[in-house]
Amino acid sequence: MADLSTNFLGIKSPNPFWLASAPPTDKAYNVERAFEAGWGGVVWKTLGEAGPPVVNVNGPRYGAIWGPDRRLLGLNNIELITDRDLEINLREITEVKKRWPDRAMIVSIMVPCDEQSWKAILPRVEDTGADGIELNFGCPHGMSERGMGASVGQVPEYIQMVAEWCKQYCRLPVIVKLTPNITDIRYPARAAKAGGADAVSLINTISSIVSIDLDNFAPMPTIDGKGSHGGYCGPAVKPIALNMVAEIARDAETRGLPISGIGGIQTWRDAAEYIALGCGTVQVCTAAMTYGFKIVQEMTQGLSDWMDEKGYATLADFQGRAVPNVTDWQHLNLNYITKAKIDQDLCIKCGRCHIACEDTSHQAITSMVDGVRHFEVMDDECVGCNLCVNVCPVDDCITMVEMTEGTDPRTGRPIDPDYANWTTHPNNPMAKQAAE
Amino acid sequence: MTVSETSDVKARRLSSADYADNFSDIHPPLTPHEALVEADRCYFCYDAPCMTACPTSIDIPMFIRKIQAGNPVGSAKTIFDENILGGMCARVCPTETLCEEACVREAAEGKPVKIGLLQRHATDTFMEREQSHPFQRAAPTGKKIAVVGAGPAGLSCAHRLATHGHDVTIFEAREKAGGLNEYGIAAYKTTNDFAQDEVEFVTEIGGINIENGKALGRDVTLDQLASDYDAVFLGLGLPGVNALGMEGEDANGVVDAVDFIGVLRQAEDLSALEVGRRIVVIGGGMTAIDAAMQSKLLGAEEVTIAYRRGQEHMNASLYEQELAQTHGVVIRHWMMPNSLHVSNGAVTGITLERTELDASGKLSGTGETVTLEVDQVFKAIGQTPDAGPLAGADIALEKGRIRTDEARRTSHPKIWAGGDCIAGGEDLTVVSVEDGKIAAESIHQALIG
């Protein structure tokens, strides 16, 4: 059986599945249940500075989008950092860590952006026996209006500055949690690294309005007739998060910087994808909030079974394996040619491929042949876009088949077996000509 | 085997709760959530096969998508555009051999989208929620059309004519409008007086006047109608019932299945209906199934359908046959009636003879017989047209039914016809609705175009 244990910045956990900083990690009761269920670690819900705790709304905090059977596809929230007393949280963290020494205990922190505030809280967190800290530079609502969370995460200089304070006043490993509410994720990641942070975690939630109530014309969730933007998470955000993780993993300046991947992880497969993009651990929240803590058992078992099947003994065996295959468009092989092929035995004749291609693409799929309903790709029109594959409701009915020899019936040009990309393409005015 | 000398036909075989239970909606409507989930199964096919399979060509993918988008009222309008009796058709169509058989999900998984139930969800929602009729009449044309028969064909024709601004008078021989929908369909398929609700809904368009109790040939003549009105549509149905043609057919206990179904539909107290303990139904169509099922649900203990050919030849769909079988009805194939046993004026037994197809494909008896004790024998061996009322109007017939062209026009230039009374019909409600629609468009063209 594969070894799922992780060593992330020296923080050990029996598996890479951590619960992200959020309601599930707000108190000892939940965290105990999580550890009993098998979670490898937790990032305790963000602590604020000493004094009166923050105040949450006393109404709905979540908005959602669903599939037709109410499967939760995306969730947003207008929660703030922990609204429990700092002393209680610190005491519980200490107690839980003592009871569960083999699990990762990370503490998320968000205090005002001045040196004194950080200097004050860091030793107190360190005293709990926690394994590391995570700086919450991501929360897009409520706290950002007070000069914290995403409003810090959007300014690389602040990230660097705070990271430096943390490294100066604290012995624990420092993870900077990044906000996706920024144009280019590489800049805050570089700043975190420049500030001495040991790792980044991403993504935090995306600024969002999930829906408008068409009866009272207010965003959901609605508080007394008004709504505010919240932070978006859940399965729907995974593609955005994966891209940002990949950007950091392959950036020359941040390559090798440890990453804890977050965003829409629902199953072992999602986790494996994050790890393949270089992540050392993954953090989960929405899936747990949807189904409860038990899902971690599917995740660990699934990951382990897949690793066994592939012959990976440890996570390191495949960690980062996808990174070299993420590239820029200009480096894609323009001589790689595929054509869609429809398996007539599997085809149920819904005609989706035809109408998608006919109305919106390249008019390359028949609807009728010899007077009967028949869907077939015309190679001389097919550009290989694979829209038909994506709209076909039957698994593996339409596949993309590479042409390796002969002539492309669409262009009439011979298939060139050699790699060639846009950088050298004759139509590219910027093409770099090989020296004579 | 000896046949008993007494028959056992009586009412109140069951508790009153059992009657209510047995005759409740056989396919309860989908809940709104079920409808959303089911609607999501529709692939919104290109040139959808279900649409082609629907005799009225309802835009099925569109109406399903509207349900999915939370617009069941708009969905119902899409249905009513092509089939104003979409509510009844959702209940009585043999969807398993029409739209749902063509569904690509049937090909993929053997589980078609439940198109019939979705159609019912949309039309029920509309009729419950909407106060106004979905269509508006065009400006009055001043043209008057007579429609004979307030069944599916007549109602459909009248409605379409009314939308075009024509005035329609429907002559209906029975006390209530609805035809087959009111008198000829099993009670559990259309509960809560839906047929009458639908008649009201259809006529809400305005410009339609129904004269009940007016029979063609008795109270009005075709000649009169053809001269008093700008056009006439005949939706006469099939008023006659085929006879077994054997001795004892007039004995007590030998019943027309069509009558039995009609009486049951009109009954206010089902427990007052008499039914035998042992029943044999002769026939293989929907009427045979409906009669067998309902006699079982009224408390009959042994119900047998005897059909002279094989399962694959039955007009009732396989699904309908299974429905009857799961309700305890025994279906015996390759059996035809040979003789009736009558005692004291009542039928007490029936002898059935095994049949086979000879080398030339002709059906004949084998001489081998089975005798069953019965209290009642239901005849469900087909209905016949009645050409009597057509006399003198010079309308060409074909095998006793009215001949029409593709536009449902008869040989008489002012008379159209549709539904079961025309040649080549399929004896389906939905086909009758389509006939009425086609005829109405043709009449409209003839009068205005």
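## Close-up views of a two-chain predicted model

**Figure 1. Chain A as a whole.** Welcome to chain A, whose secondary structure comes to 12 helices and 20 strands; helices (H or I, at least four residues) and strands (E, at least two) are DSSP runs, numbered from the N terminus. This is a predicted model, in which local features need pLDDT of at least 70 and side-chain atom pairs count only at pLDDT 80 or more, while totals for chains, interfaces and linings use all residues. Residues are numbered from 1 along each chain as its sequence is written, chains are lettered from A and ligands numbered from 1 in the order in which they are written, and side-chain values use heavy atoms, with hydrogens and water left out. Along the principal axes, the C-alpha atoms of chain A fill a box of roughly 80 × 65 × 45 Å. Of its 436 residues, 52% count as buried; buried means under 20% relative accessible area, exposed over 50%, and partly exposed in between (1.4 Å probe, protein chains only). Among contacts in chain A between residues at least 6 apart in sequence, 70% join residues at least 24 apart, where contact means heavy atoms within 4.5 Å.

**Figure 2. The largest nonpolar core.** A nonpolar core is a set of buried Ala, Val, Leu, Ile, Met, Phe, Trp, Tyr and Cys residues joined through side-chain atoms within 4.5 Å. The largest one here has 87 residues, and those touching the most other members are W39(A), W118(A), I133(A), V176(A), L202(A), L303(A) and F318(A). Helix 7 (residues 238-250) of chain A gives the largest share of this core, seven residues. Apart from it lies another core, of 76 residues, among them C357(A), F135(B), V168(B) and I170(B). As a general background, nonpolar side chains tend to be buried together in soluble globular proteins.

**Figure 3. I133(A) and V43(A).** Not counting residues up to four places away in sequence, I133(A) touches several residues, including I106(A), L122(A), C166(A), P173(A) and I175(A). The C-alpha atoms of I133(A) and V43(A) are separated by 8.2 Å, although these residues are 90 apart along the chain. V43(A) lies in strand 4 (residues 41-47) of chain A. Is V43(A) buried or exposed? At 0% relative accessibility, V43(A) counts as buried. With residues up to four places away in sequence left out, V43(A) touches W18(A), I106(A), E134(A) and Q283(A), among others.

**Figure 4. Two cis peptide bonds in chain A.** One cis peptide bond joins L202(A) and I203(A), with omega about 10°. I203(A) is found in the loop between strand 10 (199-202) and strand 11 (206-208). Another cis peptide bond joins M220(A) and P221(A), with omega about -5°. P221(A) has its place in the loop between strand 13 (218-219) and strand 14 (230-233).

Figure 5. R70(A) is not a glycine, yet has a positive phi of about 65°. Look for R70(A) in the loop between strand 5 (62-66) and strand 6 (72-77) of chain A. R70(A) is exposed, with a relative accessible area of 53%. N386(A), also a residue other than glycine, has a positive phi near 65°. The loop that holds N386(A) runs between strand 19 (372-373) and helix 12 (387-391) of chain A. At 29% relative accessibility, N386(A) counts as partly exposed.

Figure 6. Chain B has 17 helices and 19 strands. Its radius of gyration is 23 Å, close to the 22 Å that the globule rule gives for 449 residues, so chain B is as compact as a globular protein of that length; the radius is taken over C-alpha atoms, and the rule is 2.2 Å times the number of residues to the power 0.38. Buried residues make up 54% of the 449 residues in chain B. Helix 12 (residues 194-203) of chain B is mostly covered, with eight of its 10 residues buried. Among the buried ones are F194(B), Q196(B), V199(B) and T203(B).

**Figure 7. T95(B) in its loop.** T95(B) sits in the loop between helix 6 (86-92) and helix 7 (99-102) of chain B. T95(B) counts as buried, at 11% relative accessibility. Leaving aside neighbours within four places in sequence, T95(B) is in contact with E100(B), E101(B) and G116(B). L117(B) is 22 residues from T95(B) along the chain, and their C-alpha atoms are separated by 9.6 Å.
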